[in-house]
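Open the model in your viewer and keep the selection panel at hand. The stops below go one by one, each with something to select.

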Amino acid sequence: MIPALAASLGLDPSDPAFWMPLLFMGLLFLLVAGGAVLDGFDLGVGLLLGAAPPAERTRMMILLSPWRDANEFWLLLGAGLFFAAFPFAWGAIAGQLYLPLTLMLLGTVLRSVSFEFRLRANAATRPRWIAGFWLGSLLTAFSHGLLLARVVTGYADQPGYLWLALFVGVCAVAAYALLGATWLAMRVEGLLQRAAVGWARHATRWAAAGMVAVSVVLGLANGGVFYKWSNLSDLVVAAAIWGVMLACFVAIEMLLNRMARGQALGLAWLPFALSVLLFLLTLGGLGYSLFPYLILDDLTLWDGAAATGSLRLVLAATVVCVPVMAVFNVLAYRTLFGRERGAEAVAAASVPRAG
Amino acid sequence: MEIAPLQLARIQFVASLGFHMLFLSIALALAWMLLFFKWRARRGDAGWMAAYRFWVRIFALAFVLALASGVAVLFQIGSLWPVLMERIGNIAGPLIGFAVATVFVLKSCFLGVMLFGQRRVSDAAHTLSVLMVAAGMLLALFWVVALQSWTHTPAGAALVDGRYQVADWWAVVFNPSLPWRFGMAALSAVLAVAFLMLGVTAWQARYRPAAPGEKAAFRTALVAAAAAIVLQGAVGQGLAGNVAGHQPAAAAAAAGYWHSGAPPRTVLFGWPDAAEQRNLLEWSVPGGPYWLGRAADGSPLGMDEFSGMLPPVPAVFWLLRTVLALGALMLLVSVATLAWPGRRGLDPDALPRGWLRVISAMTFSGCIAVVAGWWMAELAREPYAVYGTVTLSEVAGTATFGQLAWGLAGYGALYALLLAAFVQMLFHAARYGVVPVRKGGARP
């Protein structure tokens with residue numbers, strides 16, 4: 001496949017002008033997937049603050065804090081890499097997305113600042129920063145749905161697509177809530193776990209509806225993607241992915257059902273793992289369908305990439321960042337799975353006094 | 001008055017950039033001040049350590065705001081000026097990439113140790129991490145200013161088929177205005193933080209005797225303020241000469257000088273009126289400012305040479321006068337305090353209450369000057385996005401007036417809220433001490 005692609009561009013596979021954009025695209029995909037999942041559960045817990053009883057909210061914020069530093073970096077790194085490696089696509093894409101991007105940025109800024117300011121605020125104003133974190137999470141999650149809807153429809157702006165965008169926005173909120181709720185259900189015990197299982201059950205169906213809508217629209221609204229999928233070997237892959245996604249949803253539903261009745265708590269990690277898998281499959285399918293385009297049937301990643309000389313400099317910066325990123329993320333996320341640790345539980349329990 | 005979408009996009013970009021640069025400047029200069037406090041505290045001096053403990057919290061707040069608003073500016077470059085990257089992507093891409101990489105490395109490797117690891121690592125390692133954070137922030141500012149100064153004096157690259165192709169990276173980065181603009185950015189950051197520190201400490205000293213840590217901060221800030229303002233005078237002269245040479249339209253607008261060849265006057269006050277091509281209510285003295293562009297025969301270039309391609313004249317004119325007036329005030333206050341008879345100026349408790357009131361009234365003067373300075377630099381380049389070649393109207397996007405108005409309202413509300421929260425938390429901390437921060441969880 002690689003030589004064929006290179007040949008279609010009239011380039012040698014070992015030509016930097018060919019492989020550097022490809023490499024950056026792969027890295028960018030990793031960053032997007034990492035951000036969607038790892039910043040995603042953070043976002044989901046933020047969303048659930050609105051549903052949680054006030055007494056549990058501080059505990060939920062504290063649960064997030066070990067990963068906050070790492071989580072908030074995915075967006076900046078992803079944006080930085082996209083900007084640096086594919087500058088000619090950056091404006092073309094961002095210019096089409098003014099409103100959803102504005103919503104996302106307002107949400108992201110509010111989220112980052114609220115989380116850090118809450119740590120340093122006096123007790124009286126902390127609930128306000130928690131509310132800010134919730135609102136920021138809601139704006140961010142909803143805007144991710146809007147962005148996704150715009151991307152899969154090829155930036156079409158007929159009125160009918162507005163409803164699709166709103167629907168996908170709601171579903172994205174549900175999908176992140178699912179991720180956050182299953183993470184919480186794995187992380188904590190007792191009443192909060194019970195509540196998290198209930199939230200996850202509500203969120204599952206909407207998340208499933210959203211993922212179906214996105215894949216159907218992606219196929220039907222874009223001739224190129226439809227053509228790609230109708231190829232028999234691709235169709236088998238696509239069908240297999242849809243089968244796995246369906247199985248994930250069914251398994252999540254069954255597990256949550258049991259957990260709601262207090263059974264299968266030993267498998268509390270599984271719904272979260274399956275939700276992560278669902279996110280990765282959705283993104284993988286999307287990436288596969290779009291590849292090698294950045295804007296469907298219009299702008300390939302080679303069209304969007306900077307001149308080779310500039311890419312070399314970006315590569316140098318990347319070579320510095322990737323090892324740092326690897327070490328930093330392994331250190332930060334090695335405790336992601338599993339139960340709340342003793343230190344966290346103590347910190348959570350001592351919150352009223354610390355306030 | 002009709003407002004075009006382009007105007008809204010300009011306002012939004014300049015406002016966002018100003019917010020980001022304000023907090024980037026505060027965080028940058030505070031990091032260097034903190035390094036100094038930490039170094040002075042190496043023998044266990046409680047006063048310097050107290051100063052460190054207090055200001056490191058303010059640093060953390062400013063850093064968060066700078067980081068978050070930096071992401072917003074990064075996206076706005078694309079969403080407000082979609083065609084800009086098409087033109088300058090080969091240059092902006094790597095420079096912004098370096099800035100992001102620098103911030104990433106400094107934050108993931110050193111910031112956590114600086115803010116949360118003081119008890120877990122040795123004192124030397126902690127001081128080293130403060131140094132790395134400070135150096136990293138300076139480097140990040142360098143990349144940003146490299147790009148910003150290049151858009152003023154685009155060197156080392158050629159516009160081929162609507163796209164800048166780099167011929168010489170060295171010439172791109174070290175373009176003719178970089179040294180002046182980088183110097184200005186760094187010095188104005190120091191000045192902003194120095195006056196923030198002076199003002200807050202003076203405010204505290206008005207109500208109770210200053211603690212040793214507050215006295216230490218006051219002394220440091222006073223010396224830093226006086227040094228920064230004097231140096232800034234020198235760098236400012238250089239920058240004015242640079243602008244006169246490369247951007248005569250901006251120089252003429254800043255001077256309020258309309259008609260080429262007329263004997264130039266130094267305009268102290270007035271309202272430049274583009275329709276009448278003169279300054280209303282002008283109050284000026286004879287003898288021209290030296291910072292006017294010159295034609296080949298040495299006669300000064302006025303704004304009539306650049307009709308239709310002028311920056312927003314009243315804004316540039318008045319922002320310059322705001323910066324100069326604030327600079328003069330800050331020079332006066334810092335030098336007068338430093339020269340207070342009997343060296344009492346170094347001790348806030350020894351200063352009269354009225355003078356403390358003056359100093360605390362100046363708390364945000366440096367911050368305002370930072371924002372006004374960045375705004376002036378951005379506006380003076382207009383109508384260009386890259387001086388002389390790419391105009392803003394050519395790179396503007398398709399977002400409608402309504403969309404931009406909602407976006408602007410959203411950013412305005414959020415940034416006002418965050419600014420208010422920052423000021424409130426600063427003064428709350430100044431009054432009641434810092435809130436102990438505990439980071440829950442099992443951080444390695």
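Predicted model: local features only at pLDDT ≥ 70, side-chain atom pairs only at ≥ 80, totals over all residues.

**Stop 1: B:A372.** Select B:A372, which is found in helix α11 of chain B, residues 365–381. Is B:A372 buried or exposed? B:A372 has 21 C-beta neighbours inside 10 Å, so it counts as buried; the cut-off for buried is 20 or more. Next, select B:A99 and draw a distance from its C-alpha to that of B:A372. The two are 23 Å apart in space and 273 residues apart in sequence.

**Stop 2: the nonpolar core.** How many residues does the largest nonpolar core have? It has 290 residues. Select B:A27, B:L30, B:W55 and B:A225, which have the most contacts inside this core. Then select helix α2 of chain B, residues 46–80, which gives the core its largest share, 25 residues. Go back to B:A225 and show what it touches: B:L191, B:A194, B:F195, B:L198, B:M330 and B:S334, not counting residues up to four places away in sequence.

**Stop 3: where the chains meet.** Colour chains A and B separately. In the contact between them, 57 residues of chain A meet 58 residues of chain B. On the side of chain A that touches chain B, the elements giving two or more residues are α3 (54–71), α4, α5 (87–94), α6 (98–120), α14 (308–333) and α15 (342–349). The largest share, 15 residues, comes from α6(A). By class, this side of chain A has 41 nonpolar, eleven polar and five charged residues.

Stop 4: The crossing of α4(A) and α3(B) is left-handed. To see the contact, show the side chains of A:F73, A:L76, A:L77, A:G80, A:F83, A:A84 and A:A85 on α4(A). On α3(B), show B:G93, B:P94, B:I96, B:G97, B:V100 and B:F104. Which classes of residue make up the contact of α4(A) with α3(B)? Ten are nonpolar, three are polar and none is charged.

Definitions and conventions
Residues numbered from 1 in each chain as written. Chains lettered and ligands numbered in written order. Left-handed = near helix turned anticlockwise from the far one by under 90°. Helix = DSSP H or I, 4+ residues; strand = E, 2+ residues; numbered from the N terminus. Contact = placed C-beta atoms within 7 Å. Nonpolar A, V, L, I, M, F, W, Y, C, P; charged D, E, K, R; others polar. Buried ≥ 20, exposed ≤ 12 C-beta atoms within 10 Å, placed from the backbone. Core = buried A, V, L, I, M, F, W, Y, C linked by C-beta atoms within 7 Å.
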